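The entries follow the order in which I looked things up.

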Amino acid sequence: MRTDPLTIENLSVAYQKKPVLRGVSFTVPEGKLIGIVGPNGAGKSTLIKAALGLLPRLSGDVAIYGKAYKEQRKLVGYVPQRESVDWDFPTNALDVVMMGRYGHLGWFRRPGSAERAIAMECLAKVGMADFADRQISQLSGGQQQRIFLARALAQDAKLYFMDEPFVGVDAATEKAIITLLNELKMQGKTVLVVHHDLATVEEYFDWVMLLNVELIAFGPTEQTFTADNLQQTYGGRLALLNRDTTTSVITSGR
């Protein structure tokens with residue numbers, strides 16, 4: 001019997017009694033690249049953290065391939081927001097990437113030559129093999145983001161959560177990231193990405209989730225990323241600009 005990668009039912013989260021997510025329910029299909037968009041404070045990062053058990057839930061159930069997250073950790077990869085990481089921690093790029101193998105090793109096995117080879121392969125995939133021995137504090141923002149992507153690749157997960165991977169990176173890194181995400185999709189992986197640039201949603205994602213405390217819409221991008229749904233999500237003023245055959249969206253937020 002087929003089990004979907006992620007099912008969330010009636011998820012609610014609050015900070016100091018203020019609702020951040022309210023009654024969110026959806027099911028994620030397998031093998032899709034999914035963008036999660038919404039205004040600041042909409043609960044996008046909270047959704048990911050609550051799904052991973054990093055934040056307490058007021059209510060709701062989360063299933064990863066039909067089971068609780070704690071039973072499915074090996075199937076899940078996570079790339080947090082870059083600013084949430086202590087980049088002054090004294091470790092090099094290779095060691096960070098090898099951390100992605102710990103779930104496969106268990107508590108009592110230390111990574112060996114096989115894990116090192118996998119980590120180096122993942123660094124090469126993100127164009128960072130030459131920086132394996134570099135301290136992470138000495139890397140640029142884009143390079144640090146690539147290292148965390150390599151760590152997620154090393155996990156060899158089936159379901160990936162990525163929180164704002166494009167923020168603060170240069171154009172070359174953004175191109176490398178979206179290429180990598182599409183490769184994961186082609187391998188049958190499922191990827192959820194918190195994203196802020198509405199102008200690239202149609203280009204980057206198969207499916208899109210529009211979120212503002214409550215779930216506004218979720219589905220295939222061509223059906224869901226509409227002016228009406230964006231208006232419900234963002235309020236304020238929305239301007240639709242046609243560039244060739246692509247519709248890009250600029251919003252003032254609220």
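Entry 1. I began with strand pairing in this predicted model. I found that strand 1, residues 6-15, pairs with strand 2 in the antiparallel sense over seven bridges. I then looked up Y15 and noted that its bridge partner in strand 2 is K18.

Entry 2. I next placed this pair in its sheet. Three strands form an open sheet, in the order 2-1-4, and the pairing is antiparallel. I recorded strand 2 (18-28) and strand 4 (59-64) as the edge strands, each of which pairs on one side only.

Entry 3. I turned to a pair of helices. Two packed helices are described by the angle and the distance between their axes. For helix 4 (residues 113-125) and helix 5 (residues 141-154), I noted that the axes come within 8 Å and cross at roughly 135 degrees. Angles over 145 degrees would count as roughly antiparallel; helix 4 and helix 5 are therefore oblique to each other. I recorded their crossing as right-handed.

Entry 4. I listed the residues at this contact. From helix 4, C122, L123 and K125 meet I147, A150, L153 and A154 of helix 5. I classed the residues of this contact as six nonpolar, no polar and one charged.

Notes. Residues numbered from 1 in each chain as written. Predicted model: local features only at pLDDT ≥ 70, side-chain atom pairs only at ≥ 80, totals over all residues. Heavy atoms only, no water. Pairing = 2+ DSSP bridges. Helix = DSSP H or I, 4+ residues; strand = E, 2+ residues; numbered from the N terminus. Axes fitted to C-alpha atoms, helices over the stretch in contact; angles between N-to-C directions. Parallel < 35°, antiparallel > 145°, perpendicular 65-115°, else oblique. Left-handed = near helix turned anticlockwise from the far one by under 90°. Contact = heavy atoms within 4.5 Å. Nonpolar A, V, L, I, M, F, W, Y, C, P; charged D, E, K, R; others polar.
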